[in-house]
Amino acid sequence: MAAKNFLPLFALLCLPLSAQYDWTADIQNAGKIKNTVQVYYQSGNRDAIQVDTPHIRAVGGLDNRENNALTLLAPNGVRLVDGSFDTYVIDAEDKTYWSSLSPRKGRFNAFRLGYYYYDVHVLDQSLSRVLEDVPETDVNAKIDAFKNFKDGKWAINDLTEPEFVDGVMRVKCTNAHDPWIGQLGIEQPTDTYPAIEVTMRAEKSSMMHVYMAVGDQKGFNPQQIIPQGIKPGEFHTYKIYIDEIKGFNGNIHGIRFDLGQVDEIIEIKSIKLVAEKRQKMQVKLDRILHAYPDKMHQMLRFVTGNNDVALKEYGCQLKLAKSDIAKITVKDKNGVHEAFSGIDARSVEYVGFDNKQGGVFGLIFPTCEEAGSVVFSETETEYVLTQKRPLSGVQKPDTRFVLAHRLYHDASHDFAKLAEAAYCERNPLDDNAIKILNAEDGGKFFGYNKLEGTYDFDLAGTHFNAAYYKIPQKHYKLPVTIKADNHDRRIYFCIRGKAGGLECAAMLDEQDKLLPMPIEVSKNFHGDGEEPYFYPEDSGYGETLLPLLLNANTERTFTVLNLFQNWGVAPLKQLSAIKFFVPYYHLSCGVTETNCIAPYYVGNKSGWTLPDFRAMSAKLWPTQPQHYSVGPLYFPYYYQGEKKIMFEPKVQRVQSAGPVYADVDFSYESDDDAATLWVRHVEFPQTDENRTYYSFVIDFKKEVSIKDFIKNFNLFSFSTSWTKFAHVGYLSKENKLTVINLPEKDPVTAVIPLGSEAPYFTVYTSLYNKGVCNFGLIVKTCSLRLDGKETPVQAMLNFTNTPVVDARLTLNIGDVTFKPGDKIAYELILVPFGDHDVKTDHSVHQVRSDSVLEPYKVNVIVGKLLYDTYLPHVQAVDQQAEFTIDGGLNNAAVRVDGFKSFTRPKVLVKNETGLFVPLKLSYHDYDGIQSYLNADGSYGFSFIVNTTDGPSTIKVIQ
């Protein structure tokens, strides 16, 4: 079926030779720069977030010490900026409040992440100043939790009566439904006490909610809640700032702490109200780094709180040590200056500092009001740059004001390169250079986004139901011609549509040939309220981003496709970013969600990594084509004594974001720096069941002793706090399918040896909650290298049901000491299945059979079989491959590599008469296949083969 809305054939034939653009450089550039932006916490303490790009590294401080702003480093490690870019506001009385004095820690989030781009947010820092006449902590209003408990002023719910040992109160959670401890009748003034300080320990919980009763609200209420991340396992002191809640005036009447998992011990040493030596302005900072492989933009976004504030100025200040700088340059409307004198503050275009060891660092200011004014000064030891904007009058609640600039670095000591970058930044291509050839799908060019650094477009989209039921083959098309000026440019092309259900994207050249250009997709579902303080509007969006090289005086035509449901004859499979209260990936089969990955964890270092994991075999929701999810799923962790050791993510690599299959891997480091963890997550567009293919490798770098491995080392676990299940299924050590019927009321604890023939365990049939599905885990392989030798292992199920499920995969290896070079490697298939009332775990037995006992098998006739745990993968020889594929079930993604060009190959299948005929893949001429550039410069292609009806013989020819 011919694609609509493209240049007709006769128009293509009439294009001048210059329009037949050679895409090789763009393809190679995309392949070179993908996954080169990396964002991670510097350490397990999570006191700073680091952004690495090939041209600059940025460290955003999260702690509440002074100079917690921004540090910039060259790729060679030389510090270009050391804890600077402090931000400020000045009130109507000329008092200055700084973000570096924030008593509240910063918080990291990223709404967009993927192949090329992260928007890194450091949130929550409040603008503050030091008060000289107030002690740092005023304990006059100390709340003696233990004494008052005995006096009956404190109340509890779903917790045991407290015990008091050595000045510590201890309670145990009896029910996860609504555990809390609280007190009314405190009656202390809000103008004295902006914070609570609590010293406590929770065994399991990584999050609690602090309920307040303040001002007009005499009881605990949902309008006055503060979420507070906590660190399970050890005593910590938390300072919780309560002055930002709604209605914080008058008196503090009461405080309540909501936390607890079943059988969890919670201990509290002290709770007190505290005064602060630092006075906070009702303004908080959203520091945003728009990070790309070749550039970075900083956007300082100030947001007022719940009360009116009178302000007269806001800005940021950069300080650089003179001893590091060889020379400087400044460009304004009067020309280029080599010193900070005679500069027009309103027209500064860029400033550059030649760092003696690190090269040229500079700022490029946008041609919009967010650039403000730039004022230069210096001391004996420092250059000082202040970027600022005036304000007038009273600022209402939820007012936002912004400063912006681009951060520049080049390893050379050449100011000419900075000048060229500044020219291209400040003189972007306009409507005369960018033409939309067909606007039938709502395509518009918005212009250059001066704050975020992208060329922005609009395109229509759709919602889940229309995509799934009515227009599954609809691809929204944006055909564009771009004509370069006489400057070489690297640009980022971004479609910013309003359809929050956007799943994937693809790109075609001027001849409608699919280009092997990975495309990053990000989105947001309206109404989830992920960041209610900073983004209360919570607008839905779907964004498509890709890089382009524009050589001077060239022109090219291409089409970007926004995809929702199908890619050819099969549903698409994708990985995209989605806005949440932590950085988040979203996966789906068409528009039907299958999984979500929170690589930095759902809570505060909780280990919960797969928050939404949905069963394709369940009934669709009546309102949209989605399914219910299972409970929390946890990545590996282990205990050293009572200390819980987590793995901190360091590297994320998107290998395939669709539309044929999704493949992403992650590298982690343990908090004790003793081990690394590598994880791979793979999904195919399988429509009968959601098989999520996982690979884990734990490598030990240092000696680690584990006492009672079964108890203290979790390889993977499933739990839920909102229901109880009736059955546990597993493969017994005799390799028999076994079911335990769980009593509804009596707790069950068991350590169960699993069999050797694809062991599995399942939990199913929910008793209390209809909005849930069931969970199965299948072990495909498991190996252990100990003392340099391969050692037999037996998988174990460590199971409790007290009263909710906690099912952990572990190993029967007793007390063990790992040494450098030792390794645990295992491959799992995770299967959410059925509705709450499913009576058997047959779905998991079927997946065990089709994915482990009788998986996809490839026999190569022409070419070479490439090893891959889950993906059938073949290397072509002399531009062709031939192979048979058998086993498995449903849609298998097959990949064939080793071709010289990205021209679409012929994909043939042998029919019943022995002839090769085209394999039905496409609906449109261009779809059904995904193309790739490999590291060796060759090209590859993936497509779907359904093996349900038996073996197929496939031939791929270019």
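**Figure 1. N221 in the loop between β16 and β17.** In this predicted model, N221 sits in the loop that runs between β16 (207-214) and β17 (225-229). Its relative accessible area is 6%, so N221 is buried. The side chain of N221 has a polar contact with the backbone oxygen of G219, at 2.9 Å. A polar contact of 3.0 Å also links the side chains of N221 and Q224. Leaving out residues up to four places away in sequence, N221 touches Y211 and M212.

**Figure 2. T53 in the loop between β2 and β3.** T53 belongs to the loop between β2 (48-52) and β3 (57-61). With a relative accessible area of 7%, under the 20% cut-off, T53 counts as buried. A polar atom of the T53 side chain lies 2.7 Å from the backbone oxygen of I56. Residues up to four places away in sequence aside, T53 touches T36, V37, A291, Y292, P293 and M296. For one of these, A291, the separation is 238 residues in sequence, yet the C-alpha atoms of T53 and A291 are 7.4 Å apart.

**Figure 3. G44 in the loop between β1 and β2.** G44 is located in the loop between β1 (38-41) and β2. Its relative accessibility is 29%, so G44 counts as partly exposed. Not counting residues up to four places away in sequence, G44 touches K605, E648 and D671. P293 is 249 residues from G44 in sequence, and the two C-alpha atoms are 26 Å apart.

**Figure 4. Helix α4 and its N-terminal cap.** Helix α4 comprises 12 residues, 415-426. At 1.5 Å a residue the helix should span 16 Å, and its end C-alpha atoms are 16 Å apart, so the two values agree. D414 caps the N-terminal end of α4. A side-chain oxygen of D414 lies 2.9 Å from the backbone nitrogen of A416. The buried residues of α4 are F415, L418, A421, A422, C424, E425 and R426.

**Figure 5. H487 and its contact with E420.** H487 lies in the loop between β35 (476-483) and β36. At 14% relative accessibility, H487 is buried. The side chains of H487 and E420 form a polar contact of 2.7 Å. Apart from residues up to four places away in sequence, H487 touches E420, Y423, C424, L550, N551 and A552.

**Figure 6. The second largest pocket.** This pocket has a volume of about 810 Å³. It is lined by 33 residues, and D294, R406, Y408, A421 and R490 are the closest to its centre. At least two lining residues come from each of α2 (24-33), β31 (400-410), α4, β36 (489-497) and β39 (541-550). By class, the lining of the second largest pocket holds 15 nonpolar, 7 polar and 11 charged residues. A421, one of the residues closest to the centre of the pocket, is also among the buried residues of α4.

**Figure 7. The largest cavity.** The model holds 10 cavities of 30 Å³ or more. Of its 24 lining residues, M517, P518, G658, Q930 and S931 are the closest to its centre. The lining draws at least two residues from each of α2, β37 (504-508), β49 (647-657) and β73 (930-933). It divides into 18 nonpolar, 5 polar and 1 charged residues.

**Figure 8. The cis peptide bond between G658 and P659.** G658 and P659 are joined by a cis peptide bond with an omega of about 15°. P659 is in the loop between β49 and β50 (662-670). G658 is also one of the residues closest to the centre of the largest cavity.

Figure 9. D398 is not a glycine, yet its phi is positive, near 60°. D398 lies in the loop between β30 (394-395) and β31. With a relative accessible area of 34%, D398 is partly exposed. Y601, likewise not a glycine, has a positive phi of about 85°. Y601 is placed in the loop between β45 (592-597) and β46 (633-634). At 1% relative accessibility, Y601 is buried.

Key
Residues are numbered from 1 along each chain as its sequence is written. This is a predicted model: local features need pLDDT of at least 70, side-chain atom pairs count only at pLDDT 80 or more; totals for chains, interfaces and linings use all residues. Side-chain values use heavy atoms; hydrogens and water are left out. Helices (H or I, at least four residues) and strands (E, at least two) are DSSP runs, numbered from the N terminus. Buried means under 20% relative accessible area, exposed over 50%, partly exposed in between (1.4 Å probe, protein chains only). Contact means heavy atoms within 4.5 Å. A polar contact is a pair of N or O atoms within 3.5 Å; within protein, one must be able to donate a hydrogen and the other to accept it, and residues adjacent in sequence count only if both atoms are side-chain atoms. The expected span of a helix is 1.5 Å times one less than its number of residues. On a 1 Å grid over the protein atoms alone, a cavity is a set of points where a 1.4 Å probe fits but cannot get out, and a pocket is an open set with protein on both sides within 12 Å along at least five of seven lines; lining residues have an atom within 4 Å of a point. Grid points are joined across faces, edges and corners, and a volume is the space filled by probe spheres set on the points. Ala, Val, Leu, Ile, Met, Phe, Trp, Tyr, Cys and Pro count as nonpolar, Asp, Glu, Lys and Arg as charged, and the others, Gly among them, as polar.
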